[in-house]
Amino acid sequence: MAASRIVAHPPPYPHRQSPPSDAPPSLNLTLNPKRYRNLGIRASLRGHEEKNKNDLADKPHSVELRATSTPDDVVSRDLLSLPRPLSSTQLSASVSDSSRLRVAYQGVRGAYSESAAQKAYPNCEAVPCEQFDTAFDAVERWLVDRAVLPIENSLGGSIHRNYDLLLRHSLHIVGEVNFAVRHCLMANHGVKREDLKRVLSHPQALAQCENTLTKFGLVREAVDDTAGAAKHVAYHKLQDAGAVASSAAAKIYGLNILDQDIQDDSDNVTRFLMLAREPMIPGTDRRFKTSIVFSLEEGPGILFKALAVFALRQINLTKIESRPLRNQPLRADDSNNSKYFDYLFYVDFEASMAEQSAQNALRHLKEFATFLRVLGSYPVDTSLT
C-alpha cells in the first residue's frame with residue numbers, strides 16, 4: 001500500500017492523520033504577541049481557603065481574598081508571599097521578557113514536580129499550576145515556555161490523566177527527566193512524632209509509606225498533593241498532624257523534619273515529560289526515544305501486527321499503554337452478540353525519528369493504523385537523581 005514519505009528533517013514527523021472522533025476540539029486561543037511579567041496572586045486564609053471567583057475575573061493580575069481571621073489563622077508574611085498556583089479560570093502569568101525560561105508544573109511550591117522542573121531546566125522560573133490541564137493551557141497560550149509533568153511512577157504506575165491530555169492538546173514532548181522521590185515526615189516546630197495522631201499527603205505518597213506510617217500508628221488523610229499537605233499543616237499550625245512531603249517543602253513552609261526516607265521502597269522514581277509548543281529536531285548523536293499514539297481497526301492479530309513493525313527492525317519498545325477512546329460508543333460484534341471498547345495505544349520506543357529504521361516502522365504502521373500521531377522524539381534521560 002502506498003504511503004507518504006517520512007522525512008528526517010523539519011518537519012521531522014510523519015504526516016498526522018485527523019484525530020479520532022473522541023478527541024476534543026482544539027482550543028481557540030488568541031495569542032497576544034505582547035509579553036507581561038507575572039504580578040502574582042496574594043491570598044489571606046479562610047477556614048477552607050475558598051476562592052472568590054468574581055474577584056479573580058475582575059482583577060486578572062493581582063487578587064487579594066479577604067476573610068475574617070481568628071487567632072488560630074495567623075500566618076507569617078513569608079508564607080503569604082509565596083506565589084499561588086495558576087488556576088484553570090485565571091491564567092494571569094505570561095512569558096517573561098528575560099531569556100530565563102518559565103516552566104509550568106502541577107502543584108504548589110515544594111512539590112516534587114517543582115524539583116523535577118528545576119532539574120530539567122536549571123535556573124528556570126518554575127510556575128505552579130493548580131491542575132495538569134492548566135499547565136498544558138499555559139504553554140499553548142504562550143504564558144510559559146515549557147511544562148514538566150509526571151507521566152509514570154515506578155511504584156504507582158501511569159498518570160492516565162496526562163496521557164489523555166497529550167492527545168487533547170497539540171504540545172510536543174521535547175525531553176524526559178527521571179526524579180527519585182524521597183519522602184519525609186514533617187511537622188511544626190515543637191511537635192514530636194509521639195504527638196502526632198494523623199498524617200496528610202497525596203494518596204500515592206501515603207501508599208508508598210504505608211508500612212512506616214502503620215508502625216508509627218498514624219491515621220492517614222489524603223489531600224491533593226504532598227506540598228499542599230505541608231502547606232496546610234504549616235498554615236493551620238496543627239499540633240496533632242504531620243505531613244509526608246519533600247525536604248524542599250519542609251524548608252519552604254518552615255516545618256521540622258522528623259524522619260527522612262520513610263518510603264517503603266527505596267526505588268521510587270517518577271518519570272516526567274518536558275513539553276513545548278515546537279517539536280525537537282531529532283538527531284543521532286545520542287540515545288533517543290520516540291513517543292507515539294495510534295488506533296487500530298479491530299481484527300485477529302492486529303495489535304500483534306502493529307508491534308511487529310518494531311520487532312522486525314530491532315527497535316526496542318520501552319512502554320505501551322492502552323486507553324479507551326472517549327465518547328466512542330461500544331462496538332458490537334453481531335457474530336457472538338458481544339460489545340467491546342475501541343482503544344488508543346501509546347507506545348515509547350528507543351529510536352530517533354532521524355533514523356531510517358524508525359521512519360520505515362511508522363510508514364509500515366500507517367498501512368493498518370486508523371490514526372497515528374508522533375508525540376515527540378527526544379533524548380533519553382539515563383539519570384536517577
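Start with helices α4 and α5, whose axes come within 10 Å and cross at roughly 30 degrees. Because angles under 35 degrees count as roughly parallel, α4 is roughly parallel to α5. The crossing of α4 past α5 is right-handed. The model is a predicted one.

Next, show the side chains between these two helices. From α4, select Phe132, Asp133 and Phe136; from α5, select Arg161, Asn162, Leu165, Leu166 and Arg168, which they meet.

Keep Leu166 selected. Setting aside residues up to four places away in sequence, Leu166 touches Phe136, Ile151, Ile173, Leu273, Leu275, Arg373 and Leu375.

Now widen the selection to the largest nonpolar core, a set of 29 residues in which Leu166 and Leu275 have the most contacts. Two or more residues come from each of β2 (125-129), α4 (132-140), β3 (146-153), α5 (160-168), β11 (269-276), β16 (343-349) and β17 (369-379). Which element gives the most to this core? It is α4, with 5 residues. Colour by domain at this point: domain 1 (36-177) and domain 3 (279-379) each supply at least three residues to the core.

Another core, of 21 residues, lies apart from this one; its members include Phe294, Phe310, Ala358 and Val374. In soluble globular proteins, nonpolar side chains tend to be buried together.

From Ala358, move to helix α11 (residues 356-365). The buried residues in α11 are Ala358, Gln359, Ala361, Leu362, Arg363 and Leu365. What do the buried residues of α11 pack against? Select β12 (288-296), α10 (302-311), β16 and β17 to see their partners.

Go on to strand β13 (residues 317-324) and pick Ser322. Is Ser322 buried or partly exposed? Its relative accessibility is 37%, so Ser322 counts as partly exposed. Leaving out neighbours within four places in sequence, the contacts of Ser322 are Tyr343, Leu344 and Phe345.

The last stop is Arg102, in strand β1 (residues 102-106). With a relative accessible area of 1%, against a cut-off of under 20%, Arg102 is buried.

Key:
Residues numbered from 1 in each chain as written. Predicted model: local features only at pLDDT ≥ 70, side-chain atom pairs only at ≥ 80, totals over all residues. Heavy atoms only, no water. Core = buried A, V, L, I, M, F, W, Y, C linked by side-chain atoms within 4.5 Å. Buried < 20%, exposed > 50% of the residue type's maximum accessible area, 1.4 Å probe, protein only. Helix = DSSP H or I, 4+ residues; strand = E, 2+ residues; numbered from the N terminus. Domains from an automatic or database assignment. Contact = heavy atoms within 4.5 Å. Axes fitted to C-alpha atoms, helices over the stretch in contact; angles between N-to-C directions. Parallel < 35°, antiparallel > 145°, perpendicular 65-115°, else oblique. Left-handed = near helix turned anticlockwise from the far one by under 90°.
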